[in-house]
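Subject: Structure for your files

Hello,

Here is the structure I said I would pass on. My notes on the ligand site, the cavities and the domains follow below.

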Amino acid sequence: MSKFAAPKGVSEYFPPRSQNFEFVRNTLIGEAVVSGYQLIELPVFEDTELFKRGVGESTDVVSKEMYTFEDRGGRSITLRPEGTAGVMRSVIENNLDKGQLPVKIWYSGAFFRAERPQAGRYRQFYQVGVEAIGLSEPEIDVEVIAIADRAFKKLGLKKYRLDITSLGDASSRAAHRVDLIKFIEGLNLDDATAVRAKLNPLRLFDDKRPEISSAMSKAPVLLDYLSEESRKSFESVKSLLEDFGIAYQINPRMVRGLDYYTGTTFEFVHELLGAQSGIGGGGRYDGLMSQLGGADLSGIGFGLGVDRILLACEAEGIFSSDAVTSSLEIYLIPLGSENTKFVTNLLNQLRNSGVIADMSYGDRALKGAMKSADKSGAKYSCVIGESEISSGSLTLKEMKSGVTKEVRIDSLAQALKEI
Ligand code: HAM
């Protein structure tokens, strides 16, 4: 056994499952790209203050879960627990908000939260996210939601739902806050909870303790306090979702784990994942950019949990075998060590013409090499020995069906491209 183990609670992907992870991640990214979003690559650590200000001190993420340390220059640094605050920082710092709006960007990478590890909840996890900054039209809200929904459908997921609500504009929230605080004052809260409620009274909707959640079931909900403008905008969002064929469920008690949300907020929930069922979530954040020192622009985005989406795909049986998403097109097997040089050169030519190819290295018995071909997940394999080389043609075998086909060696790349 190795002397070392990965730190507790981190997710790791290694072959063959890493191929499925990569497939899921690339499918999510692909849909962002299709909608005109461009890559932003950001540092995984930032000034701690950015997250305190951006994400909010009332949140578990900031108050309990950040990996914060002092660097060698005595600065307080935090491993990014989420992506939106860093994106805003970069957009402001690099003046992207001064150009064409909306700024539409996607990102993908590791995020860090010191949570209690359990299935689907990790201390290092992966997100694919998008942010659309600078327009507050409901069409953008639906564009963002549709990216996630299209990606889930493309992956073949069926057992998920979209929960959606609106947190309204500043006047909606102010009106609701007055009544909510009045309501909360009538509850008998312990000191810590009262402090939390003071920072953000909406947090109490997310409190899982039975006595609190039962008391909060009678609390006033924001959806009943929407201003005329917010109500109209939310109606447009719902109506466009219907046009797009995206089913949704209104959940007026939904509370996202981050404080910056305003307006449309949403979560995708998967039915087969148990306690950690949120496969992605997001929403609008009207005040975030100005809060971080930028222009007063609205934005909307999401973060999709790649780890959980992979688990959801597995739970729905989307990957029938471990390496089903292997991208290998062909696996070459040299018969006899004297033919290895020929096969190695053929492999190089195939790769030069863009065929994803591999071969059985080393002087292995045919049986073992065939097994490796099977395990590789390649679509085709072929054995190349003296007779193939002298005749200039080989037998291409489709691994799944066992069906074979004679192909000229010098037109192998072409033949693979055609099939
Ligand atoms: P979030 O809801 O905190 O939002 O995270 C988004 C997704 O990341 C979750 O739905 C979940 O799938 C995944 N996730 C979160 N924590 C963990 C964990 N410990 N282990 C595994 N997966 C996890 C945000 O992060 C916002 N920045 C999203 C956003 C972008 N809102 C607007 N723009």
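I start with the ligand: one of its oxygen atoms is 2.9 Å from an N or O atom in the side chain of arginine 113, which falls under the polar contact cut-off (a pair of N or O atoms within 3.5 Å; within protein, one must be able to donate a hydrogen and the other to accept it, and residues adjacent in sequence count only if both atoms are side-chain atoms). An oxygen atom of the ligand is also 3.1 Å from an N or O atom in the glutamine 127 side chain. For glutamate 82, the distance from a side-chain N or O atom to a nitrogen atom of the ligand is 2.6 Å. Alone, the ligand exposes 660 Å², and the protein buries 96% of that (Shrake-Rupley areas with a 1.4 Å probe; for residues, only the protein chains shown count as cover).

Some notes on the source. This is a predicted model, in which local features need pLDDT of at least 70 and side-chain atom pairs count only at pLDDT 80 or more, while totals for chains, interfaces and linings use all residues. Residues are numbered from 1 along each chain as its sequence is written, and side-chain values use heavy atoms, with hydrogens and water left out.

The shell around the ligand holds 27 residues, the closest being Glu82, Glu115, Tyr122, Tyr261 and Gly278 (a residue is near if one of its heavy atoms lies within 4 Å). β10 (278-284) is among the strands that supply at least two residues each, along with β6 (124-133) and β11 (299-305) (strands are DSSP runs of E, at least two residues, numbered from the N terminus). β10 gives the most, with six residues. By class, the shell has nine nonpolar, 11 polar and seven charged residues (Ala, Val, Leu, Ile, Met, Phe, Trp, Tyr, Cys and Pro count as nonpolar, Asp, Glu, Lys and Arg as charged, and the others, Gly among them, as polar).

Next, the cavities. The whole structure has three of 30 Å³ or more (sets of points on a 1 Å grid over the protein atoms alone where a 1.4 Å probe fits but cannot get out; lining residues have an atom within 4 Å of a point). Volume is the space filled by probe spheres set on the points, which are joined across faces, edges and corners. The largest cavity has about 60 Å³ of space, and its lining includes Ile333, Asp363 and Arg364.

Finally, the domain assignment gives domain 1 (17-169 + 227-315) and domain 2 (330-418), with bounds from an automatic or database assignment. Their C-alpha centres lie 45 Å apart.

Regards

Note on methods. Helix = DSSP H or I, 4+ residues; strand = E, 2+ residues; numbered from the N terminus. 1 Å grid on protein atoms, 1.4 Å probe; cavity = no way out; pocket = protein on both sides within 12 Å on 5 of 7 lines; lining within 4 Å.
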